[in-house]
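Hello,

Here is the structure I said I would pass on. My notes on it come after the model.

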Amino acid sequence: MLAFLLAIALTSTAPSPVVAAAPLSGDLTGVIRDSTSGQALAGGDVIVFRGGQVVARTETDALGRYRIHNLPDGEYEVEIRALGFAPARSRVTIAPGGEIDVSVRLSPSVVQLEELSTTAPVPVAVDTRTGNQIFKQNSYHGAPSQTTSQIVQQSVAGAARAPTGEVHIRGQHAEYTYYIDGVPVPAGISGSLNELFDPNVVNQITFQTGGWDAEFGNKNAAIVDVNTRVPAGGFRADASGYGGSFTSNGQTVDASQNIGKFGWFVSGTRRETDMRQEPVVFDTLTRDPINFHNHGTDLFTFGKAQYLPSNNDVVNLDANWSRTRFQVPYDSTGGAVSDDHQQDMNSFVNLGWRHQFPGTGTASGSDLFVAVFHRRGSLNFTPGANDDPSFVFFPDTTPFNLSEDRNFNATGMKVDYAYRLSERLQFKVGGLASFTRGHEAFETQDAGGNPGPASISDLKGNDEWIYAQTVIAPVEKWELRTGVRFDNHEAPFAGSQNQVSPRVKLSFFPNTQTSLWAYYGRLFIPTNVEDLRAITSVAQGGVVAQPTLPERDHFFEIGLTHRFPAGIVAKLSAYHKRSSPGIDDNTVPGSTIITSVNIDQVRINGVETVLEIRPEGRLSGYLNLALNHAYGLGPITGGFFPAESPAGYFDLDHDQRLSGVASVSYADQRLFATVTGLYGSGLTNGEEPDAATYGRGLFDFNQSIHVDPNFIMNASAGYLVSVGGVLLRPEIYVDNVLNHKYLLKGAFFSGASVGRPRTVQLRLNLGL
């Protein structure tokens with residue numbers, strides 16, 4: 001399929017001005033700013049039209065800059081958009097060997113109607129130069145209870161839905177890192193079910209699942225690069241409330257204002273439901289999920305202050321706090337009694353300063369980025385006083401209830417410096433240092449309330465990394481990105497673990513619409529700084545268990561993107577990952593306590609395709625489709641009490657052979673309607689592989705050790721009305737429209753989960 005798409009991209013003769021014989025001759029560049037404050041606008045859309053067709057599009061960087069390469073000479077229309085601003089459109093002429101500067105100052109929109117596109121928006125787009133997928137919040141219509149993790153799952157090709165809101169990307173464990181306005185957020189506590197932030201604060205998210213520069217490390221199954229909303233114009237406020245199935249309800253309020261060089265944005269959200277997690281059991285006759293002991297509430301607050309000392313400086317201060325309280329569901333049909341509760345809390349504060357040193361031309365100069373950050377998290381798991389104990393310290397057969405109380409603080413600093421001699425030669429260096437301090441308390445009680453093994457300990461650890469990378473483009477059609485990074489990770493029991501990781505990406509751009517690349521990178525994925533082995537040592541008479549070590553990978557990828565006529569963009573990529581060791585997680589029986597474990601050898605192979613469909617008119621859509629196989633071999637070590645190792649090769653518990661998301665949207669200036677379908681061939685069911693039939697190939701579905709395939713359909717619609725100076729938009733959201741009944745995952749490393757039944761939610765938005 002990759003060869004087929006490549007042939008089309010290089011030889012297509014479809015009648016379109018895009019593929020005319022004109023030479024590749026010029027670049028389009030510029031800076032996008034707020035007309036009132038001079039503020040650089042990050043995450044703005046730059047769309048280039050020729051003959052009524054979109055021939056190129058890109059997004060502005062953190063300093064509002066953009067560049068589109070290799071446009072054939074001729075006339076074009078350039079449209080520029082940013083959330084909160086009225087769009088601007090201009091006509092330009094590209095001359096052979098030229099570079100055209102189209103810098104624009106956008107006016108803040110008076111009402112939200114001005115921000116709506118004349119064509120239907122697509123919430124997930126493809127960057128044709130890098131292959132990254134980009135999510136736009138103002139083009140997205142998800143249920144009001146939608147989480148950031150669910151947005152990741154529906155936006156990224158190869159992302160599989162998993163229990164408790166986890167997302168498994170490209171067959172890998174949930175090892176992705178959030179960057180908030182350029183600042184990485186340290187990993188939280190294993191097993192925390194609290195979402196880091198509410199999607200309402202997002203302007204744009206760029207997902208990078210491969211081809212990482214040396215700058216990006218840590219948990220990088222994906223880099224989730226979030227640009228939060230930019231304060232624009234005068235005072236603006238929005239409020240919404242919703243209610244629906246399972247007594248779900250919630251409220252959101254946000255406000256923003258821009259006053260000269262200073263701007264601010266604040267947001268607060270409350271959510272409540274009687275189905276906080278996926279049910280863990282279903283009726284064996286009707287297959288209806290049994291929702292029991294599953295109430296939960298979520299609170300989110302976020303604030304952003306932005307200061308612009310000059311046109312070359314941006315200072316951002318982001319602060320966030322979130323809390324989740326929920327009951328832990330259990331199998332109410334099994335005769336056991338449980339009344340477990342958990343509370344998770346997360347907060348972070350990031351302060352970043354970005355400064356631009358202008359060069360002699362638009363392609364030269366340098367950038368400095370300095371940031372400090374702090375994150376705090378806690379997890380408290382409390383078993384019910386009348387719980388039936390179920391956890392044993394082998395070989396002792398006495399069952400215990402296990403409680404957990406953990407907290408941590410992580411503080412660090414990040415510095416990056418980029419120097420551009422020209423578009424042909426660029427350098428970047430940087431590094432990060434952070435330290436983590438915390439406290440962990442694990443206690444047990446038997447059925448009579450007598451204390452059992454316990455561990456109360458402080459913990460500390462640290463992470464440091466440095467990197468250097470270059471971009472070399474000897475000619476317009478070729479680009480070589482090379483780099484190297486050094487990581488050092490220190491955690492209890494594991495000691496100091498480090499690695500030198502080279503990265504190289506070779507890209508070929510045969511024309512404006514096509515990009516091809518090949519990539520190799522070494523990856524070093526550290527575990528959380530936690531001390532879960534302490535209680536293991538207590539239980540085993542002082543014998544210290546093996547620590548969970550960082551994952552070490554070799555990652556290979558080839559890919560292709562191409563923009564076809566009629567508004568279609570396609571991406572196709574193939575990848576292979578070798579991990580020694582790999583990382584997974586394990587749930588302590590009778591609790592929701594989760595810890596990371598090592599698998600001696602992990603192999604992941606996959607292919608994926610993405611289609612962005614944006615024709616003229618009101619309809620648009622996208623398709624993510626991925627085929628991958630993630631399997632392991634060898635002993636399982638580390639963690640709390642590691643699971644017994646399967647004999648021979650086995651599919652990982654987050655392995656799903658085929659994953660797909662397809663979405664179609666209709667939108668005009670008042671009405672929107674969206675239908676989204678999600679397909680999964682099934683996660684593991686917990687059964688032991690049969691060595692006689694088990695296969696490691698990409699098309700070996702091994703269905704005997706996977707749950708049945710599942711397909712669900714979600715739908716939404718809304719209509720915007722104006723009453724005086726107030727905008728009202730009633731909306732309806734239906735998830736699992738067909739009420740499909742299915743097992744999401746069997747019990748393997750963690751407990752079983754049942755898919756959620758049909759839910760209906762009604763929301764009313766009010767904007768000033």
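Below is what was found, grouped by region.

Please keep in mind that this is a predicted model.

Sheet and helix

Ser149

Helix 2 (residues 148-155) contains Ser149. Is Ser149 buried or exposed? Its relative accessibility is 7%, so Ser149 counts as buried. The side chain of Ser149 makes a polar contact of 2.8 Å with that of Glu195. Glu166 is 17 residues from Ser149 in sequence, yet the two C-alpha atoms are 6.8 Å apart in space.

Aromatic pairs

Searching the whole structure gives 12 aromatic pairs. In one of them, the rings of Tyr176 and Tyr178 have centres 5.8 Å apart; the planes are at 85°, so this pair is edge-to-face. Tyr176 has a relative accessibility of 15% and therefore counts as buried. Tyr178, with a relative accessible area of 11%, is buried as well. Ring pairs also bring in Phe197, which forms a cluster with Tyr176 and Tyr178.

A tilted pair is formed by Phe235 and Trp264, with 6.3 Å from centre to centre and 45° between the planes. Which parts of the chain does this pair tie together? Phe235 is in the loop between strand 16 (222-228) and strand 17 (236-244), while Trp264 is in strand 19 (residues 262-273), so the parts joined are 29 residues apart in sequence. Trp264 counts as partly exposed because its relative accessibility is 22%, and the cut-off for buried is under 20%.

Charges over rings

Two arginines are placed over aromatic rings. Arg696 has its charged end over the ring of Tyr649, 4.0 Å from the ring centre. Arg276 lies over the face of Phe326, and here the distance to the ring centre is 5.8 Å.

Regards

Key
Residues are numbered from 1 along each chain as its sequence is written. This is a predicted model: local features need pLDDT of at least 70, side-chain atom pairs count only at pLDDT 80 or more; totals for chains, interfaces and linings use all residues. Side-chain values use heavy atoms; hydrogens and water are left out. Rings of Phe, Tyr and Trp (its six-membered ring) pair if their centres lie within 6.5 Å; planes under 30 degrees apart count as stacked, over 60 as edge-to-face and the rest as tilted. Buried means under 20% relative accessible area, exposed over 50%, partly exposed in between (1.4 Å probe, protein chains only). Helices (H or I, at least four residues) and strands (E, at least two) are DSSP runs, numbered from the N terminus. A charge sits over a ring if NZ of Lys or CZ of Arg is within 6 Å of the ring centre and within 35 degrees of the ring normal. A polar contact is a pair of N or O atoms within 3.5 Å; within protein, one must be able to donate a hydrogen and the other to accept it, and residues adjacent in sequence count only if both atoms are side-chain atoms.
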